[in-house]
Amino acid sequence: MESERGSKDLQIALLGPVRLWRAGVELPAGPPQRRSVLALLGLAEGRMVGLGEIVDALWPEGPPRRALNIIQTHVKHLRRMLEPDRPPREASHRLPFVGSGYRLDVDSAAIDLLEFRRLVSDALTARSDGDQARVWELTGKALRLWQPPAADLPALTGNPKVAALDIEAQLLLSWRVDAAILEGRAEEVLAAVRKQAHDRPLDEHSQVHLMRCYFALGRRADAFAVFDKARKLLVSELGVHPGAGLVDAYHELLESERPADEQLRAAPASPVTVASPALGNPPRWPLLPAQLPPDVVHFTGRAEQLSWLDGLVAVLENRCGTVTITGTAGAGKTTLAVHWAHRASKWFPDGQLFADLEGFGASGGLVGPDEVVRGFLTALGVASDRIPVDLSARIGLYRSLLAGRRMLILLDNVRRADQVGSLIPGSAGCMVLITSRNELPALVMNGGRPLVLGLMNDAEARQLFTSRIGAERLTGGSEVIDQLVATCAGLPLALAILAARASTQPQLSLSALADQLRQGSDDLAAFADEDGAFDVRTVFSWSYRILPAQAAELFRLLGLHPGPEISLSAAAALVGVPAKQIRPVLAHLARAHLVNERYPGRYVCHELLRTYAAELAGSEESEVVRRAALGRLIRHYARMAAIADRLIAPYRHPGRPAARFDVVLSMDCGEVDQPFGDIDTALAWFATEYQVLLLVIEQAFRCGFHQEVCELAWNLTSFLDRRAYWQDQAVVQRTALAAARQLGDLALEARTHRGLARAYLRLGRYEDAAHELRQALGRFEALGDDAGRASAELSLADLCERRGRIREALAHAERAFALFGGAGYQPGQANALNAVGWCHARLGDHARALADCARALRLQRLLGDHRGAAYSWDSIGYANHGLARYRPAVRSFQEALALFREVGDRFAEAGSLARLGDARQAAGDRAAGRAAWSQALTILTELGHPGATEVRARLAG
């Protein structure tokens, strides 16, 4: 295929400066931001990179309002370079949009980074197998390839994936030195190791490698000289003493009677001399504090975060590292920090300090730095009568004691940066972990690394729950456990509470527990215990109580939103203020981790927090206030959907106007008249809000907003049909039909019966579709609505054609044409005329079909109806195929495909692709025919449509 050929002559360099070649010719990779996008996609190694990750990387200080538009522009230019021959309207194969981000899909051999990673993996396997000769060979190849990734993009220097690669390169060199020593080839690596040690005199890893090479060659004096020089340089340049790696290598030298190969096993860390005015000059560190709380016995998940923290240790040689772990209440911040601190203790041989600053405790009091530093000094062995009275003197002594040490300091539950700023050591080698529900931007601006801890994914949540309840409780089947885990919305605190409840009530089966949770799914009581410490309300209230009034009001009203995401404009409608006023309020909630800004302008409030907000709204807001807020929210979505639908389906017969709905559209939404620039932005809005709109329709029906339910269902029809979301379409239309009956509105009932029929048609439920169309036709006739009758007749033509009753279909299509003509509705006339031509083609009268469809196409072009024109082009292609005019048929199908892709109709696109494959095959171009069928099969498989079986059979034949 073309995409396979296209990737063979493509080369992308991510090691060193980011560069791009095609067929040996270097292409301009664009400005730094565009190269950064390419680098991030390449670093992902074929996995999807979310828009949020790209935004964070390009704008670490905060994105501009047009961040997503800027990213789309960069992606557009990258696609042009990666796929220069791709037709303008054809979907990208090399750089597709997948899920919530983009994926770079090229041959792994085309990216030097992927080749490097493969060599590292093979070297690790060889090392595990004890094959040192193979390790020597593979590490040599990898190191010849190695350069710091994205070296021309300083903005990516701190990216976790880049940091991890740097660690891999250091490990690789270490493995090569090990292999050289064990294989008797130390002399061969000495020059390279010596050069690196010379170029990086303050890098202790490089000095250790040189010491070990000298030692393996019997040059002990040279090894001692390296240590002595490194020690003096560290003291004079940085004011620090050698770290654990150099000290270990030094002790290896002291035990020189051991064979050289045994020197590879590291000696245990030993105390190092420290000088302190307060303690005199003790020869050894007087005390190794170990203040960490106990580790969690069944810690699970968070592998990515643990790996990221591991990667930071490598950069501590020349400075103190500070990490702020932030997230909502119950996200597991302390659990993660304590677990990592325990597993990282081997890298901090001088001890660990811990303090809980109680920033979100029920008492509301804060622990200050004076209290914390006194406790730390005591833990470090300073007698109480030797602790200075003045706070600045205490902090000075504390920092003096930590100078030159490798210690880990964990500061838990911090509310404000001024609680901990003075507790950060002033010298290299130490690491400070800070947990908080607030973002603490002052610490990040001063060099701290932020780690935002979100909810657990499904696999992590399931693992946490099952590991805590024990194997003997895993009864009731996988589905029951999935239900229990889903109830907790990925919140570790809730999972722990639920697991504790299951463990302490062995008489209660997991199925019974799941039933209880379903019965009380809107109540947080399921996550409460007799001990108030295990009530998520209490935990959430600690963050809620400190909110300013406007933020507290918005948080309560968010409980009325059905989720899963809310846009900036929807939040503004909920409160009844302009969007520009609500942005800073949402930012405040985001800093408190009561919501999370997933993408610029889109916010997530997970299920348990939203339930808590709903409880607050119920207890603190009146029924009048709640209903007014909900009405503004529903009308906002109804208005936006109406405007978007008019762009993507401007020629769909609207039925009888709803005067009351026109009035509410103009009320209190606070929007500009046209929020969408074109059809693409309208389709993008529907795609983004699709799940939200389904939930809003359900909520609106429950709360009695029946008119808005009908309008939302009508304006979702085109989008749902084009994306083949037919099950959802059926659910929405059934809800709308119930709402129309509540209103007693015959016109809305007729329109909704027809909408439900169309969904049933697509789903192959032909009897149900026939019933709904009879209901619609009867109501349209009672109303005297000729355009409505015509639309029902056109759907009946579609139904009969699908059942193979082509002559009946032709009769219905001709009646639709006449009725549309009588109503003066030209778009309907054109569509009906195309249906007439299609039926003639199915009956074998291809010449008549060409004439009818060509007339339809001329009218659709005149009207600018692109979707209608796409169907006419498809019918013309089918008729040309029937006349054995294969070239015109191929051209017609290509025209149809371009238009179907433009309007986003994937199901229709798959049908045209299948027929294009037939035409190509009939013309003797078997390869092109199979290519078209393969594309059709891909779409139909993704849509879960039974038509995939037929296309698969063509390919098999």
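**The model and the whole chain**

This is a predicted model, in which local features need pLDDT of at least 70 and side-chain atom pairs count only at pLDDT 80 or more, while totals for chains, interfaces and linings use all residues. Residues are numbered from 1 along each chain as its sequence is written, and side-chain values use heavy atoms, with hydrogens and water left out.

Helices (H or I, at least four residues) and strands (E, at least two) are DSSP runs, numbered from the N terminus. Of the 957 residues, 52% count as buried; buried means under 20% relative accessible area, exposed over 50%, and partly exposed in between (1.4 Å probe, protein chains only). Among contacts between residues at least 6 apart in sequence, 68% join residues at least 24 apart, where contact means heavy atoms within 4.5 Å.

**The nonpolar cores**

Next, select Ile12 and Ile71, the residues with the most contacts inside the largest nonpolar core, which has 75 residues. Such a core is a set of buried Ala, Val, Leu, Ile, Met, Phe, Trp, Tyr and Cys residues joined through side-chain atoms within 4.5 Å. Helix H7 (residues 160–182) supplies the largest share of this core, 10 residues. Around Ile71, leaving aside neighbours within four places in sequence, display Leu51, Ile54, Val55, Leu58, Trp59 and Tyr102, with which Ile71 is in contact. A second, separate core of 67 residues includes Tyr544, Leu630, Phe686 and Leu720.

**Helix H31 and its partners**

Select helix H31 (residues 746–763) together with helix H32 (residues 766–783): the two pack at an angle of about 155 degrees, with their axes 8 Å apart. Axes are lines fitted to C-alpha atoms, for helices over the stretch in contact, and angles run from 0 to 180 degrees between N-to-C directions. H31 and H32 are therefore roughly antiparallel; angles under 35 degrees count as roughly parallel, over 145 as roughly antiparallel, 65 to 115 as roughly perpendicular and the rest as oblique. H31 passes H32 in a left-handed crossing, meaning that the near helix is turned anticlockwise from the far one by less than a right angle (clockwise would be right-handed). To view the contact, show side chains including Leu746, His753 and Tyr760 in H31 and Tyr766, Leu773 and Phe780 in H32. The residues of this contact divide into 14 nonpolar, 2 polar and 6 charged. In this grouping, Ala, Val, Leu, Ile, Met, Phe, Trp, Tyr, Cys and Pro count as nonpolar, Asp, Glu, Lys and Arg as charged, and the others, Gly among them, as polar.

Arg754, Arg758, Leu761 and Arg762 of H31 meet Ser791, Ala792, Ser795, Asp798, Leu799 and Arg802 of H33. This contact comprises 3 nonpolar, 2 polar and 5 charged residues.

**Helices H36 and H37**

Move to helices H36 and H37 (residues 866–882), whose axes come within 9 Å and cross at roughly 160 degrees. That makes H36 roughly antiparallel to H37. Their contact includes Leu857 and Gln860 of H36 and Trp873 and Ile876 of H37; its residues divide into 11 nonpolar, 7 polar and 1 charged.

Is Gln860 buried or exposed? Gln860, in helix H36 (residues 846–863), counts as buried, at 1% relative accessibility. Beyond neighbours within four places in sequence, Gln860 is in contact with Ala830, Asn831, Asp865, Gly868, Ala869 and Ser872.

**Single residues**

Select Phe354 in strand S8 (residues 352–356). Phe354 and Pro293 are 61 residues apart in sequence and 7.9 Å apart in space, C-alpha to C-alpha.

Finish with two backbone details. Most residues other than glycine have a negative phi. Ala150, however, has a positive phi near 50 degrees and lies in the loop between helix H6 (132–145) and H7. Asn413, with a positive phi of about 55 degrees, is found in the loop between strand S9 (408–412) and strand S10 (431–436).
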